[in-house]
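I opened this notebook to record what I looked up in the structure. The entries follow the order in which I worked.

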Amino acid sequence: MAELGNAGWMAGQTRAQFAAIAWLRWRIMMNSYRRKGGAGEMVGMLLLSVLFLGMVLGFVVGAGFAAYFFALKGHLPWIAGLLWGIFLLCQLLNIQLGQPTTTFDPTQLIRFPLGVDTYVGIRLFFGLLTPANVAGTLTSLAVAVGIGLAAPGLWVYALVAMAVFAATNVLFSRMIFAWVDRWLSTRRAREVFTAIIFAASLGIQWANFTFNPAYNHNHKTHAYAVSQQKFGVVGQLIVKVEPWLRPLPPELASASLVQAKVGAVAGFAGYTTAAALWGGLFLLVFALRMRTEFRGENLSDAASAVAQKKVAVKVARVTSGAAVTPIRTVATGASEFAVAGRARVWGVVEAVLGKEILYVRRNTGILYGLVMPIFLVLIFASKFATRSSAGSVWVFPAAVAYTLLAICPLSYNSLGMETTGAQLYFMAPVRMRDILLAKNLLGSLMAVVEILLIFAIICYVAGVPSLQTALAAVLWAVGTLAVNMIFGNQRSIASPKKMDLQKMMRRQASQVSALISLGVMMVSSGLAAGIFFLCFWLHAMWALVPIFAVFAAVGVGFYLRSLKTIDRFALDHREELLLELCKA
Amino acid sequence: MIGGGGLIDFAIMAPAIAAHALTRSFDGFTAVDHIDLAVEPGQFFGFLGPNGAGKSTTIKMLTGLLAPTSGSIQILGQDLFYNPVEVKRLIGVVPEGMALFGKLTAREYLLFVGRMYGLDKATAEARSTELLEFMGLADQGKKLIADYSHGMGKKLALAAAVIHGPKVLFLDEPFEGVDAIAAGTLKAMLQGMIARGATIFLTSHVLEIVERLCSHIAIINRGHIVANGSLDELRAGVQARLTPGAEGEAQGRLTLEQIFLNVVGGEAGEAHPEQELTWLRS
C-alpha cells in the first residue's frame, strides 16, 4: 500500500477536513433546491427568513433601547433582567424552531480519520448559525450598543461583556441540545418531552395574560388591582430567588458592567472571567457528550427494540416447552371482496380514517397544536369577557379563525407522514380521491370538535354569543376549510414533504405550502372581517348568515368538484410524490 | 389438440404478466428500452440485472407505481392502464421501499391493508392474526413499525402483499437484509403459493436463492432484456457459447452466477490486470 501511514497527520489536513464538511453542507443545501419545486422552496425559505428577521429586529431594537435607558438612568443592575430575557428567548426559539439538523447524520463522519477534538469542533461549529443563536447574539450586541451610546466610556467593557455572554448563551444551547438528543433517543422520551414543553408553553401564555398589566387595562379597577397584586407576588418571588441567580452568566455579565461603571477594572475582569468559565464548563460538558458519540454510541429506537426482542425471545424459549402450534387456516368460501360500489368506497374511507386517527393520537406534536388554540381561547375569552359588550361580538368568530389557523395547514402535507407507505395508495385497488376524502374528513372532524369546545368555553366564560354571529362564523369556517382543502390536496400531491417521525417539530411542510396556507387564511379572514364590520355598521347583522351560507355552499361545491379530478392529478404526479416520500 | 367429432378445443391461457414494448425514459436517459416480457401463470420468475440495469424501474411500471413512457402492460389479461383497479385487486406487491406505515403496529397495518384491498373486517382480522403468527411477528404487540428492524419490516411487507390472496405477486428485493431463518420462512411461503397456482415475479441480487426458487429467469442490462427463458434454457445457451476450459476439459454445470456474469459481461473472480487500482498495487 502506498501513502497511508508514511507521514503523520498534519494540521493542514484537519483544516482541509473542516473545509470539506463545510463544502458538503453547502452542496447538500444547494442540491436540495435543484429538485422539482426547489425554486419555490428557496423563495419560501427566503420570505420566511425575512419575516423571521423582521421579528428578531423588533427584539433587537427593543433590547437596545432598554439597555440604553437602563444605562442612562444609572440602573445597570437591571441589565441582568434583560439578559435573562435574552437567554430565555434563545432557549424558547431553539425549542420552537428546533436545532438545525444536519442534512446528513453527523455520526457518519466517525468512519473518517478524525480525532475526537476535531469531531467536537465540527459538531460545535456546524450548529452555531441557528435562528436562535443569531437572534441571541444580535440582541446581545444591541445591548452593548445601547450601553455604549448611553455611557460612551463603557463601550469596550460592554462589547467584551456581551460577547462573553453571547458565547456562553450559544454554548449552553449546544450543550443542552446535545444532551437532549441523547435523552430523547427513544420515542417515549420524545413524547414525554413534548408534553412537558407543551405544558410549559401553555404556562407561559397563562402567566403572560395573568400578570401582564397590558392585558388588564379595563374599566373594572378591581381586575386591574388584582393583576397588580399578582405581579407583586411574582416580584417578591424574584427578590427571594435573586441571590441564587447571582453566580449565573446573566447576573455576572450585569455585575461586570456595574464594576466597569465605577472604574473597577479588576472587578470587571473577575466577573467577566467567571462568566467565561461558565462558557468553558458548557463547552466541556458538550465535548463529553460528543466524545461518547464519537466512540460509536447507538441511540436509535431500533437498537433498543432489538435489545428488547432478544430478551423476549429468551423468555419465550425458557417458558414454552410445547410443540409448535399448527397454523389454523381461514375458510375463504365467501368472496374475498365482500363489498362493492359505494360500500367499497366507504370501506376505504373508513380504513384510512381509522389509520389517520391512530396517527394523530400517536403524534404529540399534532395533538399539541390542536389543544393549544382551545387553551388560548380560554385565556382570551376570559379577558374579553370583562371588556365592553361590543368587543365580545367578535370573540367567537375570532376564536374560530384562530382554530382554523391550526387545523388548515395539516391538509397541505397530508401524505408527508406516510413516507414509503404512500406507495400502497398506488398499488392497492383504491382511488386517491377516497384517500384524500378520508384525510379531509378527519380534518373536518377535528375542526368540528374544536369549534364545539370553543363555543362551550365562550358560553361559559363570556356568555352565549348571538346565534347569527355564531352561525355565520361556522358557515365561514365550512367555506374556508373547503377552500383550504382544495389547495391542500393539490399541494399534498404536487409538493409533499417527507416528515421525519423522530423530529419533534410539528411543522415539517413545504415552505411554499405554508405560505399558501397562510395566504388563504389571511384572505378569507380579511374578507370575512370586512363583511362582519360592514354588516355591523349597517346594522344588518341578519345578512351575515345568508352571505356565509352562500360562501360555504360554493366552497363545498368547488371542493367536491376538485375531488373528481384528483385521481388524474395524483397519477400525473405520482413519480415525484413517491420520489420525495420514499427518499432515504 | 384435436378432439373426436371434428371439434377443435383450444386451451389458451393469457400470460400472467405480459409487457409489450415497455419503455421508460428520464430526461433523455432511457432506463428501460422497448422490453417484451411474458410470464406464464404458475411461474416463479426471476428478473435479474446489474445495478442500474432497469429492474426496479420495470417492476414499478408493472405494479403501477411508475407510468411507462410507452408500451403496454397486461396482468392476467387485464390492461393495467385501462383497468388499474381490477388489476390491482389481483396483484400483491412488496416494493423497494416496503410501503410500511411507521406509526402503526403490525396488526393495525395488516388490518388497514386488508381493508384497502376490499376484505371485510372479520376476514382481515383473521388473516392478520394468521399472517403475524406465520411471520413470527405475533409477539411484537404494541411496537410501532418505525421501531422494527429491516428484516422484520420485510416480513411484514410480504405479509401485507399476500393478505388478499393475490394471483400475481411482485417482489422487489425481498431477501435483502433478511437473515437465513427468515429467508427460509419466506421461501417456504412463496413455494406454497406457487404450488397453489400463483405467479411470482421476483427481483433479487441473491443469485443462489433465485437459482433455487425460480423456474424462469430474465436478465436485463442497460434497459434491454439480454436473456429470457427457463434456467435450463439459459444454461444451455451460455454453455453453447463457452469454449472448453484452458485444460481442455468441458465446463461443468453452470451456476446462475456464471450464467449471469457471462450474459452481462465479465467472468466471476477474474479481474483484468488493467482494472487494478494503481495505488493498491503493492
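Before counting bridges, I noted the rule that two strands pair if DSSP finds at least two bridges between them. I also noted that the model is predicted.

**Entry 1: a strand and its neighbours in chain B.** I looked up strand β7 of chain B, residues 168–172. Five bridges join β7(B) to strand β8 of chain B, residues 199–203, and the two run parallel. Within this pairing, I found F201(B) of β8(B) as the bridge partner of F170(B). I then followed the chain from β7(B) to β8(B): it passes through helix α6 of chain B, residues 180–195, and this β-α-β crossover is right-handed.

Strand β6 of chain B, residues 91–94, also pairs with β7(B), in the parallel sense and over four bridges. Here L169(B) of β7(B) is the bridge partner of G92(B).

**Entry 2: burial of β7(B).** Are the faces of β7(B) covered or open? I found both covered: V168(B), F170(B) and D172(B) are buried on one side, and L169(B) and L171(B) are buried on the other. Five of the five residues of the strand are thus recorded as buried.

**Entry 3: domains of chain A.** I noted that chain A is divided into domain 1 (14–25 + 47–183 + 242–298) and domain 2 (341–581). The C-alpha centres of these domains of chain A lie 39 Å apart.

**Entry 4: two helices of chain A.** I looked up helix α17 (residues 432–462) and helix α21 (residues 566–581) of chain A, which pack at an angle of about 105° with their axes 8 Å apart. Therefore α17(A) and α21(A) are roughly perpendicular to each other. M432(A), R433(A) and L436(A) of α17(A) make the contact with I566(A), D567(A) and A570(A) of α21(A).

Notes
Residues are numbered from 1 along each chain as its sequence is written. Chains are lettered from A and ligands numbered from 1 in the order in which they are written. This is a predicted model: local features need pLDDT of at least 70, side-chain atom pairs count only at pLDDT 80 or more; totals for chains, interfaces and linings use all residues. Domain bounds come from an automatic or database domain assignment. A residue is buried if 20 or more other C-beta atoms lie within 10 Å of its own, exposed if 12 or fewer, and partly exposed in between; C-beta atoms are placed from the backbone. A crossover is right-handed if, with the strands pointing away from the viewer, the path from the first strand over the helix to the second runs clockwise. Axes are lines fitted to C-alpha atoms, for helices over the stretch in contact, and angles run from 0 to 180 degrees between N-to-C directions. Angles under 35 degrees count as roughly parallel, over 145 as roughly antiparallel, 65 to 115 as roughly perpendicular and the rest as oblique. Two residues are in contact if their C-beta atoms, placed from the backbone, lie within 7 Å.
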